[in-house]
Amino acid sequence: MDWTSAQLRSLVELTRRGTITGVAEALGYTPGGVSQQIAALEKATGMQLLRRVGRRVELTDAGATLALHAERILTTEAEAVEALERTRNEISGTLRVGLFATAAAEILPPALRRIGERHPGVTVRSRDMDVDEVYDAVAGGSVDLALGLDYPDVPIPRDPSLRVTELSRERFALAVPTGTMPGRQSVSLAHTRELGWIMPCVGSYYGRAVLTACRRVGFEPQVLHEVTDTAATLALVEAGVGVSVVTDLMLRLRPSSLDVLELDESMERHIVVVCRSFAEHRPTIAAMVDVLRASAVRRRPSPAQA
């Protein structure tokens, strides 16, 4: 059969996402591009792989059968890439990295400098994505490894096919408009029950982690603004319209005039790097993980962590 890895990956991702739009977002294509990949795969196989059900699509029996084998094909392909890398005298090759916005701004740049110094033969191609999507992106093979987040209060389900390595931990503090709580250096979340909140959608792991921490001390936060972007969140706190939890890494994204108070309660997030278990010893992946670990060790802890 004359098919390509991109076509097989689109089909496999469809089993995870359920929609063409979801596949496009996961793989960095346009919806039209995904449709073209699937159409080309149907032409190569001579069989109908999808059928429309209302506004959604679902796999035919032939599509489901091919998707199952496609996962094995893509896994074998990845193993072949690892084997080829091991035949080289130096660590070299192309590495596809997925990452969330804060990591793109603060973690990746120094890591790229170090990987370039240590292994000039390694080419890194990165792609910004929703932090809650990075695990699926690695599992589906659309990226080789990814920087992600995990929250002890709302842990992300572990796929046994993935290797998750913790790089660092950040303790949350509370960002409040300047002068909101004069004289305080620390505060309990319970003291925010009458204040408006700025936080991500509660459907996200981050939003659920904040909600869980607030409920633990006995109140439901008054969410005035649902915002995912960290810089926008800091701008809104600075403008005096609400409070939000923050970490040192988040604060470095945008210089802001606001007060940061330590939280009496322990609330933290873990920065992790994710790759497929069978690929963790692939030379380029192992080298990048080592660089990220070294970068994490060099990072200074936030005041809330000290």
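## Helix packing and selected residues

In this predicted model, the axes of helix α2 (residues 20-27) and α3 approach to within 8 Å and cross at roughly 105 degrees. An angle of 65 to 115 degrees counts as roughly perpendicular, and α2 and α3 are therefore roughly perpendicular to each other. On the α2 side the meeting residues are Ile20, Val23 and Ala24, and on the α3 side they are Pro31, Val34 and Ser35.

Helix α2 is mostly covered, with 6 of its 8 residues buried. These buried residues are Ile20, Gly22, Val23, Ala24, Ala26 and Leu27. They pack against helices α1 and α3 and against the strands β1 (50-53), β2 (56-59) and β4 (122-128). Just after α2, Gly28 adopts a positive phi of about 80 degrees.

Helix α3 (residues 31-45) also meets helix α1 (residues 5-17): their axes come within 9 Å and cross at roughly 110 degrees. The pair α1 and α3 is therefore likewise roughly perpendicular. Ala6, Gln7, Leu8, Ser10 and Leu11 of α1 make this contact with Gln37, Ile38, Ala40 and Leu41 of α3.

Val289 is placed in helix α11 (residues 283-298). With a relative accessible area of 10%, Val289 is buried, since buried means under 20%. Leaving aside residues up to four places away in sequence, Val289 touches Leu145 and Val273.

Leu68 belongs to helix α4 (residues 61-86). Its relative accessible area is 47%, so Leu68 is partly exposed. Arg88 is located in the loop between α4 and β3 (93-99), and at 40% relative accessibility Arg88 counts as partly exposed.

The table lists, for each of these residues, the C-alpha separation from a partner elsewhere in the chain.

| Residue pair | Separation along the chain | C-alpha separation |
|---|---|---|
| Val289 and Ile115 | 174 residues | 9.9 Å |
| Leu68 and Thr15 | 53 residues | 9.4 Å |
| Arg88 and Val176 | 88 residues | 53 Å |

## The chain as a whole

The protein chain has 11 helices and 13 strands. Its C-alpha trace spans about 70 × 55 × 30 Å along the principal axes. Of the 306 residues, 48% count as buried. Among contacts between residues at least 6 apart in sequence, 75% join residues at least 24 apart.

The accessible surface amounts to about 14700 Å², and carbon and sulfur atoms account for 50% of that area. As for charge, the chain carries 35 positive and 38 negative side chains. The centres of the positive and negative sets lie 2 Å apart.

Note on methods. Residues numbered from 1 in each chain as written. Heavy atoms only, no water. Helix = DSSP H or I, 4+ residues; strand = E, 2+ residues; numbered from the N terminus. Buried < 20%, exposed > 50% of the residue type's maximum accessible area, 1.4 Å probe, protein only. Contact = heavy atoms within 4.5 Å. Areas by Shrake-Rupley, 256 points an atom, 1.4 Å probe, with all protein chains shown as cover. Lys, Arg positive; Asp, Glu negative; His and termini not counted. Charge placed at Lys NZ, Arg CZ, Asp CG, Glu CD. Axes fitted to C-alpha atoms, helices over the stretch in contact; angles between N-to-C directions. Parallel < 35°, antiparallel > 145°, perpendicular 65-115°, else oblique.
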